[in-house]
Amino acid sequence: MKFDDIIKDLQKKIYRPVYFLMGEEPYFIDEISYFIETHVLNETEKEFNQSVVYGRDVDVSSIIGMAKRFPMMANYQVVIVKEAQDIRDLIPDSREKTEKKEKDKSLFEAYLENPLKSTILVLCYKYKTIDRRKSFARLIEKTGVLYEAERVFENQLPQWIQNTLKKKNYSIHPEAALM
């Protein structure tokens, strides 16, 4: 999915159980996670049903524990993991081979097979990407959204500024966008 498609779905209140936001451009990742953080739950629902944690402070089992809780007096529970690239053992290492297939599954993969529909789990995996050919990535795409934020290069920036402002009903002179 593209950035605009994800935002349009969120505006229409079409939510997926997992959003794995990755890529070189943190702006788009931050925008999607901010939209979810500010628009899915109202202020009273956020007190019990919204958790924002950072990758260095949590491990996979605690994230899955948060994701498996049921919402309290709300339709959804939102779990946002910022800086998810710092979480150890989030992505299964293909070098480690075991005899049984079940042992190869990480906790996160097991959750992805049957995510809780009342939980919206957002992982902000900045400055890195995962291999889309791996089963882990395919599992995310099957149950949720796997978004890769493409870097906006310097030569694309003026056009990007103009397009972004146009969407917000503002205009800018082309020379000003160049500056």
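Reply: A residue is called buried at under 20% relative accessible area, exposed at over 50%, and partly exposed in between, with a 1.4 Å probe and protein chains only. The model is predicted, so local features need pLDDT of at least 70 and side-chain atom pairs pLDDT 80 or more, while totals for chains, interfaces and linings use all residues. Residues are numbered from 1 along each chain as its sequence is written, and side-chain values use heavy atoms, without hydrogens or water.

Strand 1 covers residues 18-23; strands (E, at least two residues) and helices (H or I, at least four) are DSSP runs counted from the N terminus. Because 6 of the 6 residues of strand 1 are buried, the strand is largely enclosed by the rest of the structure.

Strand 1 has two pairings to describe, where pairing requires at least two DSSP bridges between the strands. With strand 4 (residues 119-126) it pairs in the parallel sense over 6 bridges, and F20 has L123 as its bridge partner there. With strand 5 it also runs parallel, joined by 5 bridges; G23 stands opposite A149 in that pairing. Strand 5 (residues 145-149) has 4 of its 5 residues buried, so this strand too is largely enclosed by the rest of the structure.

For a side-chain example elsewhere, take S51 in strand 2 (residues 50-54). S51 counts as buried because its relative accessibility is 14%. Its side chain makes a polar contact of 3.2 Å with that of R69; the term means N or O atoms within 3.5 Å, within protein one able to donate a hydrogen and the other to accept it, with sequence-adjacent residues counting only if both atoms are side-chain atoms. Apart from neighbours within four places in sequence, S51 is in contact (heavy atoms within 4.5 Å) with M66, R69, V78, V79 and I80.

By contrast, M72 counts as partly exposed because its relative accessibility is 46%. M72 sits in the loop between helix 4 (60-67) and strand 3 (77-82).
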